[in-house]
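Please read the following briefing alongside the sequence and the coordinates. It is arranged by topic for a reader who wishes to check each point against the structure.

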Amino acid sequence: MRIKESVKQGLTYLSVTLALILLLPGTAYAQQNYSNPAQVNKGIDQISQKSGGLIQVRKLAVSPGGTDILLMEIGKKGDVPNPAVLVVGNLSGISPVTTEAALSLAERIASDPKLCSEISWYVIPMGNPDAYSRYFTAPLYMDPGNFSPYNDDMDDRTDEDGFNDLDGNGIITSMRVKSPDGIWVPVASEPRLMRRADASKGEKGIYKIYTEGIDDDGDGQYNEDGAGGTDVNANFPHLFKYFDPKSGLFPGSATEARELIKYAFDHPEIAMAFSFGQTNFLLVPPKGGRKGSVDFDNITIPEEVGKAMGIDVSRTYTMQEIMEFVQPMLPPGMTIDEGMIASYLGLGAVVNPMQEDLVFYNRISSEYKDYLKSKGVTVERFDPEDAKEGSFEMWAYYHLGVPVFSMDIWALNKPEAEKKESSGITLEAIERMTKDEFAGLGEEKVSAFLKERGAPPQYTAKMVIGLINSGQATPAQMASMMKQMPAPPSDEQKGDPRELAQIAFSDARMEGKGFVNWMPYDHPTLGEVEIGGFAPFSGNTPPYNMVDSLLDLHLPFVFELVKKLPKLQIADAKAIEKGSGVYQIEVWIENKGYLPFPTAMGKRNKIPAPAVITLEGSGIEFLSGIKRTPLHDLAGNKSLKLTWLVKAGRKGTLTISLMSKQAGSDSKQINIGG
Amino acid sequence: MKKIFISLMLSLAITIISDLYAQEIKVPLRFDHYYTYEQVVEALKVLNKAYPSLTTLEEVGRSEENRIIYALTINNPKTGDPLSKPGIYADGNIHGNEIQAGEVCLYLANRLLTNYGKLDDITQVVDRNVFYIIPVVNVDGRVHFFNDANTPSTNRGLRIPVDDDRDGLFDEDPPDDLDGDGNITSMRKRDPHGRLKTDPEEPRLMIPVKPGDQGEWINLGQEGFDNDGDGLVNEDAEGYVDGNRNWGYNWAPPYVQNGSGLYPFSGTGIRAIAEWMLKRPNIIMVFAFHNSGGMYLRGPSVKAAGELPAGDIAVYDHLGKNIEKIVPGYKYLISWKDLYATYGDFTDFTNNLIGSYSFVGELYQVGTETFDGTFIEQTDRSLVMAGGSNERERERLKFNDHLAQGELFKEWTPFKHPEYGDIEIGGWVKISTRLPHPFMLQDLVHRNASTVIYTAQNTPDVSLEIYEVTRLEGGLYRIRVRLHNRNAMPSVTYMTVKNKLYPLDIVTVKGSGAKVVSGGKLVSQYPEKIEYKEFKPEVQFCQVPGSGKVEFQFLISGKGSLEVNYESKKAGKRRSEVILK
C-alpha cells in the first residue's frame, strides 16, 4: 500500500541487477528496497497525483547537498484552515523506516478522505535528505549530519579525515588492535562482542577500538573530520547545544530546520506535532529531571534586582506577589504580565515537562500499550531513545506549545528473561555436607547451582553428583575446588544486552549480515588489526520485508491519537430577560476533546492563540462584557460559562461565534428582544 | 506682465533652490540635526561618491517593510583586502527610537574619511584596519519614529505583528496622536478625587496628594483611546519584537523574555546582518550604539553564563577605563550585573559566534540637562526606573525653558477626548529625554566616534620574524620564529579559544628542499622549555596574546629557501623567508 508497487519493484530489480553487474559493494548489507531520496520525492508526487486533489505538494527547503525537502499538505483548502497535525519523518536522517512510515501515513490518509475532512495533515517524510542519502551510498555508515562542511577537529583543513573502507566490503565497521593501553576484552559468552575490562575484578584490557579507516591527515587521530555536517534534529532552539560539532552554529542555521520552524509558526492552526524518529513518546513519555525549571510559587529575587526594587531577597515569592508589587511602579496604562517579570528577573525557560501534561502522556501511553497487546504484541522491546537537546520533539513541545507524540517504529526485542530461580545452595553449605546430603539435593538444584557459579559446561550436575557418590571427591573438596574457579560473571561481564540481542537478530533474521566477523588486516600505522563489528543500521533498521507489517501495526494508532485533539464547541447559549430590554447572555463553551486546549506548556509559553468568542447583533449595546472575548484555555472534557449583559433595542437575532485556529469553530444564533 | 511673471518665477526658483540647499547632504557632513532614514542613505551615498577608492557601499538586506539596510565599508585597498585586516564594526539604531546612534556612525565615517591623508593617526588606523559601519539597523523603526507620533521611547521594535494583549487581533491598539502635534505625550483630567495635585514649585508637574490634601488631577496615561473596545488603552502597538533579543546566541522564547520573536533570527533584517557579519570573520571589535544612560556595557548578558575569561576581562578593562575618559560621565559596566539579563542579544552573538570584543554604547545622559551651574547631574538609576523624582524634573524644565526655549516640553493643553471628555494633553516631546537637543549632538557624536577610533588603535598588530637560524650537526637547522603583537587585543579572543569557535592562528613552515623534522612552542624562556607537537610539526597553532609574543622552534633537515607563513582570521597574514645554505 505504498508507492506504486510495480514501479518500485521494477526499480528494485533494475538496481539490484545493476549492482550485481557493477559488483557494487554494499548490496549485501544496505537493503535496497527502502526508497532513496529521489524515490521518496517521486513517491510524494505520485501519492499526491493519486489523491484526487486532496494533497498539495510544496517545497519546504533545499538541503545543502541540493535535495528538495517536500511537504504534503493534506486536507481541504479554504479561507479558514482546519486544525492541523504536523508530521515529520527522519529528521536525523539515520532511520529509513521512519521515512517509509511518514510516506505510508500520507498514503493512508489520502485513501480515506474522512481522515482529512476535519483536520489537515502537513507531512514531511524526509526531513534530512543529505544524511538519509548515506544509506544508499558506499561505503555505508551512519551519520546524522547534513552536507554543510564543518571543521570538526579545528585544524588547518575541513572535512579532510573521514572513514575508509579498508577491507572493501562496502561498509564501515570497527577495527580492534591489541595494545598495552587497550581497555576492551571479548565477551565470554559471545566473543564477537566486546566489553570494557573490569579492573576491579582483576581484568586487564586487551584491545583498543577505532572506527574503520586511516589517519588521512596525519594528525594522529582517526576519522575525526568526516564530510559534513549539522544534524538537523539537533538544530532546534530548545536547549540548543552551542559549540557541539553536530548541532550547527546556532538554532536554525541549518535551512532544513529553519524552514520547518518558520512553516510551523506560519501555520498557527497546527494543533499537534508527530515525529517518526528515534524517540517514542507513546511508549515512554517525555522525561524530566533537568535542573533549571523555575517554580512560580517559589521565586528567588536576585540580589541586584532586590536592591533596585527595594524588596527583601531573603525569602521567596510567588509570581502573583511579585506582579502585585511591581504593577504600581509602572507608568499608567502599562499592565504587568508574567513574561515581563520572568524576563526582568532572568527566570529562564521551562526545561521539564509540565506535570499536568504528563497526566495525558501517561494515560495515552497505557492506551498504546493496551492497543499493542490487543494486536498480539506480547514481547517487550528495548527502550527508545530519550528526546535529545535541540531536537524537533523538544522544541515542538516547549516552544510551539502543542502536544507532541512520536514513534520509532521498530526496535529489537528484549531476550526472554532467564528463569532466575536461586538454587539456594552456597559454597559454605556444601563444605559441611555429607555425600548423602549432597546427593539428596537432586540434579535440578545442583544444575542451577553450577550455572550460578559459572562452572564450565562440561561440569554437568550428573557428572558432579557422580564424582561425589563414587567417593572420588568429598563435598568439602568440591567446594574448595569451586572456590578456585573464576567467579561467576557479573551482569556487565555478560556483555551489553542490546548488543547480544542485536547479534542474535543478525544471525537469526539477517543471515548474519548485521555483523562482520573480525578479520585480520595489515594497517599502515596501527600494524596488525582486525576489522569487524556491527554493520551500520543493523540496530535500528528492520529488514525490508518486515516494514509492511510494522506499519500496519503502528500507524493506525496515529488516527486514534488525533481523535483526542481538543475540540471547542458552543454547547449552549441563551438570553435571559432582565427587563427593560436588558438581557443576560449565557454561553457554555465545551472542549469535547480529551486533550486540553492548550497544553499546560502552551498555557505557560502563551504561543497557541486564544479562542475568540464574538457576539454580534444589530442594535446591541454592551453593558457588561465586550464584543470579542478571548478564551485562553479549557481543559479536556470540560465546560466554561461566559456571561454578558446587553441592552437590545429591538427584536432580532444574536449571533455567537467561536473561532479557534487550533481547536475549531462554531456558531449559534439566539433570539433576543421583542 | 512678463517681467512680473519672470521675477515671480525667479524668486520661486530661488526659494526652491535654497530649500534644496538647506536639505542638501554633502561632505563634510553636518551634525547639527538628526538625519531621517532617507537622509542617512543620502549621506552614505555622498561619502561613497566622495571617497570611491576608500569606501564600498552595499545593501546588507531588507527590513520587514522592504527598506534597505546599508553598510559602508572603509578600507584602503593598497594596504590589503578587507578580510586580511582586523575588522571594526559599528552599528546603531537597532531600537527604532534610538536615533542618535545613526549620527554617531555617520560621524565616525565622516571623521575617518575627511581626515584620511591629513591626520597621521587617522591615516594609520584606516590603513591597518577595515571599518564596517551600519548606521541604521532598524530602518523601519527609524522611519516610523520620525514620521509617526511617538514618545521618546516608542517605536522601538521591528515591524512584525504580535498579538501583545492576546485577544486574537494584531497591533490593533497603538497610541493615538489625539491633538495631532506629532508627539505622544500624557493625558490628565481634573478630578477633586484624583490622587495627584499640581506641584506648587512647578505648575507643569504633579505631585501625589498627602492624607488630608485636596486632589486635583487623575493621570490618564499615554495619549490615546481604546481602539479595539476591549477596555484597555494603547495595549497593542507595533510588534512587540525587540531586534536586540532576536539573535541566535542564547536566545529564549517570548515567555522567558518579552519581545524575542518566535524563533531566532525571525527578523529579516536581523538575519541578513548576522549572515553578512558571519562572512566577515575578521571582525574583532564591535560597537552597538543605543540610548540612553551614558554607559559602555560589556557581556556576559546573563549571570548564568559565568564570568568572561580573565584575558578578555583585562582587554575590556583596559579599553573601558580609557573610554570613561573619552566620554566623561559614561560608565564602563557589566551588562547582566549593572543593567539586566538579556537573552539573544546582539553582543552575545558577536562575542560568541563571531569571536569579537563588543561594547554596547548607551548614548546620552539626561543628567546633562542641568540648571544649577554644573554640567552633569549625578542621576541614581533606580530613580530612572521608578519614574524620576520631581527635583530632577523641575530642573529639566528650567533647562527646557532657558536652554531650549521651550522646545522639549509640550505645555498642558485642553482637549476633548472621545471617551473621557475634557482632558489636558502635555508632556515631554518625542525629540527629548533620550535624545540630546541638537546643540549637544556635535559633542556626543565626536566623543563616541572617538571611542571607536581609540579601540581601532588597539586591534592586534602582529609581526612575524625568523629571529634565529643555527646550523647543527648532521645537516640539521634550528630556526626560531617569533610572533609579536604590539597592541592590547590578542589575535584570538580568549572566549573563542575556550569555546573552540574556530581553529586558532596557523603557522606553517615549508620549503621545497627542506623537511620539518620537529617543531614546537617555546612555553618557557627561562628556563627554556619547548612543547613539541607529535604530529605534523610543520603546522602549528597559537593565539598571540595582547602586548605579547609566541615563539616556535623548528628543526629542519635539507636546504634551500624556507617559507614561514602566519594566518589569522583577525590579525591577517604574515610571511617570512630564509635561505638555508
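The notes below take up confidence, the contact between the chains, and a surface patch.

This is a predicted model, and its overall scores are ipTM 0.92 and pTM 0.88. Chain B has a mean pLDDT of 93, with 94% of its residues reaching 70 or more.

**Confidence within chain B**
- Where pLDDT is low, the predicted coordinates should not be read in detail.

**Contact between chain B and chain A**
- Chain B contributes 47 residues to the contact and chain A contributes 49 residues, while the two chains bury about 4100 Å² between them, 63% of it on carbon and sulfur atoms.
- Of the area that chain B buries against chain A, Arg166(B), Tyr255(B) and Tyr263(B) supply 23%, more than any other three residues.
- The count of salt bridges between chain B and chain A is one; Lys536(B) forms a salt bridge with Asp156(A), with the closest N and O atoms 3.9 Å apart.

**A nonpolar surface patch on chain B**
- Phe371(B), Leu403(B) and Phe439(B) together form a nonpolar patch on the surface, with about 270 Å² of accessible area.
- Phe439(B) lies in the loop between strand S14 (421-428) and helix H12 (441-456) of chain B, and Phe439(B) counts as partly exposed because its relative accessibility is 46%, a value between the 20% and 50% cut-offs.

Conventions:
Residues numbered from 1 in each chain as written. Chains lettered and ligands numbered in written order. Predicted model: local features only at pLDDT ≥ 70, side-chain atom pairs only at ≥ 80, totals over all residues. Heavy atoms only, no water. Patch = residues over 30% accessible without salt bridge, like charges linked within 9 Å, V, L, I, M, F, W, Y side chains within 5 Å. Areas by Shrake-Rupley, 256 points an atom, 1.4 Å probe, with all protein chains shown as cover. Salt bridge = Lys/Arg side-chain N within 4 Å of Asp/Glu carboxyl O. Helix = DSSP H or I, 4+ residues; strand = E, 2+ residues; numbered from the N terminus. Buried < 20%, exposed > 50% of the residue type's maximum accessible area, 1.4 Å probe, protein only. pLDDT = per-residue confidence, 0-100. Contact = heavy atoms within 4.5 Å. Buried area = accessible area lost by both parts, 1.4 Å probe.
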